[in-house]
Amino acid sequence: MKKILVINSGSSSLKFQLIDMATETMLAKGLCDRIGINDSFLKYTVQGRDSIIINKVMPDHRTALKEAIFALTCKETGVISDVSEIFAVGHRVVHGGERFHDSVIIDEEVMETIKECIKLAPLHNPPNITGIKACQDIMPGIPMVAVFDTAFHQSMPRYAYLYALPYELYTGYGIRKYGFHGTSHKYVARRAAAMLNRPLEELRLISCHLGNGASICAIKNGKSVDTSMGFTPLDGLAMGTRSGTIDPAVVIFLMERKKMTTDEVYEYLNKKSGVLSISGVSSDFRDIQAAASEGNERARLAIDVFCYRVKKYIGEYSAVLGGIDGIIFTAGIGENNDLVREKTLEGLEYLGIKIDKEKNSIARGRELDISVGDAKEKVLVIPTNEELEIARETLKLVGAK
Ligand code: ADP
């Protein structure tokens, strides 16, 4: 019975999930939050039981991981009796640059390369590295694997990932499109092939990962050929608080006319934009939708802007793929919000896309084909499971050793 621990380490949080790979089921999961800040706590859930909150002082990730291990192994809340029952650890790493086209077993050289990628992801890779180091420290001898958000998109052709900027920016600084959410896009693409009962290698899929962060991916024969996020996760769709694609001249305008500093522009585009700023209500679609249904015009507009952009990408990627076999909706909004799905696909009948409104209205957090029976282009709602994908990648590499 191989059990894999999946770790997703952020700047002040550490998420973990223990998965039994014999059945591919989650045994327990947790979130250590507010690490290094006051009032830190662990939210811990054993499969089939209510979540519990454990208030603990967690000044750093090492302490947080110790608390996680304690919860997983102690008498009252444990699901394993000893840490040695953990077969391997899979780490989510945001940026693998051009060096990692796939997941890798972590050794010293890999750690060095992940560190080199800090210049591409200064906010994300450092906490990922902190999480890896904490595990190496507390669980020595247990093999670890890095699974990169960017790796799946390394198959994009050069003409898709190059910006029309001076070429030396690419060769000298690595400025190009990388794409993110790769683990999710890869997972749902495989599930789509299973649902359609067709080989992934012959499918043209558009995967719409619509959460707080949102991205779309064109997948041809199982490989990413284009995606909406770019050099950073700021590009592409309008998101909860991120602007997505804008005319880059807006940045110059903000700096010149509003005298903003680089930090202020960063904050503006990443945290104060998106559907939050358009609606003036919230970054959460549930709140926005509630406001819209009460007649709030800006909330309606935010939903329209969001769906319009998704629709435009579907048109774009239909051209890129030369047709579509399936459109996938996943992540918080994609899995649960029938209004967004309906609005997005409205008017795309000319592409052969037709959804069954009844099925659409009941598709919530479970796999369902919501297209009308005779539609050639299938529309699929598929809950993502990035943790399981990371665990599978980890087992594939470590189990094969
Ligand atoms: P992220 O992982 O990027 O933080 P999520 O995938 O959790 O984001 O998506 C968050 C969004 O999904 C929010 O806008 C929220 O309104 C929406 N969402 C999440 N769960 C539900 C649900 N059960 N019903 C409707 N909307 C949901």
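With which residue does K396 form a salt bridge? In this predicted model, where residues are numbered from 1 along each chain as its sequence is written, local features need pLDDT of at least 70, side-chain atom pairs count only at pLDDT 80 or more, and totals for chains, interfaces and linings use all residues. Side-chain values use heavy atoms, with hydrogens and water left out.

The partner of K396 is E393, with the closest N and O atoms 3.3 Å apart. A salt bridge here is a side-chain nitrogen of Lys or Arg within 4 Å of a carboxyl oxygen of Asp or Glu. K396 and E393 are three residues apart in helix α15, so about one helical turn separates them. Helices (H or I, at least four residues) and strands (E, at least two) are DSSP runs, numbered from the N terminus. E393 is buried, at 4% relative accessible area. K396 is partly exposed, at 49%. Buried means under 20% relative accessible area, exposed over 50%, and partly exposed in between, for a 1.4 Å probe and protein chains only.

The salt-bridge count comes to 20. E389 pairs with R190, the closest N and O atoms being 3.1 Å apart. This pair links distant parts of the chain: E389 belongs to helix α15 (residues 386–399) and R190 to helix α6 (residues 182–196), 199 residues apart. E389 is buried, with a relative accessible area of 1%. R190 is partly exposed, at 34%. R364 and D338 also meet in a salt bridge (4.0 Å, N to O). R364 sits in the loop between α14 (357–362) and β13 (368–369), while D338 is in helix α13 (residues 338–345), 26 residues apart.

The second largest pocket holds about 430 Å³ of space. A pocket is defined on a 1 Å grid over the protein atoms alone, as an open set of points where a 1.4 Å probe fits, with protein on both sides within 12 Å along at least five of seven lines; lining residues have an atom within 4 Å of a point. Grid points are joined across faces, edges and corners, and the volume is the space filled by probe spheres set on the points. The lining has 22 residues, of which H101, D102, F152, K186 and G222 are the closest to the pocket centre. β8 (144–148), α6 and α15 each give two or more residues to this lining. The largest share, five residues, comes from α6. By class, the lining divides into six nonpolar, eight polar and eight charged residues. Asp, Glu, Lys and Arg count as charged; Ala, Val, Leu, Ile, Met, Phe, Trp, Tyr, Cys and Pro as nonpolar; and the others, Gly among them, as polar. Domain 1 (3–148) and domain 2 (198–386) each supply at least three lining residues. These domain bounds come from an automatic or database domain assignment.

The largest nonpolar core has 42 residues, and L210 and I314 touch the most other members. Such a core is a set of buried Ala, Val, Leu, Ile, Met, Phe, Trp, Tyr and Cys residues joined through side-chain atoms within 4.5 Å. Among the elements that give two or more residues are β9 (204–210), β10 (214–220) and α11 (297–321). α11 gives the most, with ten residues.

E24, a residue other than glycine, has a positive phi near 55°. E24 is found in the loop between β2 (14–20) and β3 (25–33). R34 has a positive phi near 60°. R34 lies in the loop between β3 and β4 (41–46).
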